[in-house]
Amino acid sequence: GHAQSIAAGYGFSSGQKVLLLDGDGALLMHAGAACSTAQSNVCHIVLNNKAHDSVGGQKTCGADVDFSALASVLGYDASYRLNDKAQLAAHLLHYFKDGQGSLLLEVAIVCGHKKGLLRPSFSPAENKTSFMNQ
């Protein structure tokens, strides 16, 4: 849920391009953080399945949101809605080879998750320490 803040902070502090995988629900719940994400070197991939799938499958308003328009309002440099793997691959290749600034890619996916999906086994403090030592 807070991946945007982590990605933006790392992008600002390192100056490197960052790849951020996020769900539509997380982006919608943390849209304020996306203002910072939009100001850093982040390629923000929004996996839009119109649900909070990893925590019970509750529906989001992801079907009703124009994520490209939202990205523009939040300050992203560019955004696209993608329909297939080839488009995703092409945008990622271009961004990490020649792109600059922030990019939001909305990828429409189906609902559902792998059986036996594991939940994090480390505390937030342990994750912070591990991340800072990388």
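The model is predicted: local features need pLDDT of at least 70, side-chain atom pairs count only at pLDDT 80 or more, and totals for chains, interfaces and linings use all residues. Residues are numbered from 1 along each chain as its sequence is written, and side-chain values use heavy atoms, with hydrogens and water left out.

Start at His-44. This residue sits in strand S2, which spans residues 42-48. Helices (H or I, at least four residues) and strands (E, at least two) are DSSP runs, numbered from the N terminus. Is His-44 buried or exposed? His-44 counts as buried, because its relative accessibility is 0%. Buried means under 20% relative accessible area, exposed means over 50%, and partly exposed lies in between (1.4 Å probe, protein chains only).

What does the side chain of His-44 touch? It makes a polar contact with the side chain of Asp-22, at 2.9 Å. A polar contact is a pair of N or O atoms within 3.5 Å; within protein, one must be able to donate a hydrogen and the other to accept it, and residues adjacent in sequence count only if both atoms are side-chain atoms. Beyond its neighbours within four places in sequence, His-44 has other contacts, including Gln-4, Thr-37, Tyr-76 and Leu-104. Contact means heavy atoms within 4.5 Å.

Now look at S2 as a whole. It is largely enclosed by the rest of the structure, because 6 of its 7 residues are buried. S2 runs parallel to strand S1 (residues 18-23), and 6 bridges join them. Leu-21 has Ile-45 as its bridge partner in S2. S2 also runs parallel to strand S6, again with 6 bridges. Here Cys-43 pairs with Leu-103, and Leu-47 stands opposite Val-107. Two strands pair if DSSP finds at least two bridges between them.

Move on to S6, residues 103-108. This strand is mostly covered, with 5 of its 6 residues buried. Strand S5 (residues 78-82) runs parallel to S6, joined by 5 bridges. One of the pairs is Ser-79 with Leu-104.

Next comes the packing. The largest nonpolar core has 9 residues, among them Leu-27, Val-46, Phe-67 and Leu-104. Helix H4 (residues 67-74) gives the most to this core, with 3 residues. A second, separate core of 7 residues includes Ile-45, Tyr-95, Leu-103 and Leu-105. A nonpolar core is a set of buried Ala, Val, Leu, Ile, Met, Phe, Trp, Tyr and Cys residues joined through side-chain atoms within 4.5 Å.

Finish with H4. Which of its residues are buried? They are Phe-67, Ala-71 and Leu-74. These residues lie on the same side of H4, because they cover an arc of only 65° around the axis. The arc is taken from the directions from the helix axis to the C-beta atoms. An α-helix has 3.6 residues a turn, so residues three or four places apart point the same way. The face turned away from the buried side of H4 carries the exposed residues Ser-72 and Val-73. At the N-terminal end, Asp-66 caps H4: a side-chain oxygen lies 3.1 Å from the backbone nitrogen of Ser-68. After H4 comes Gly-75, with a positive phi near 105°.
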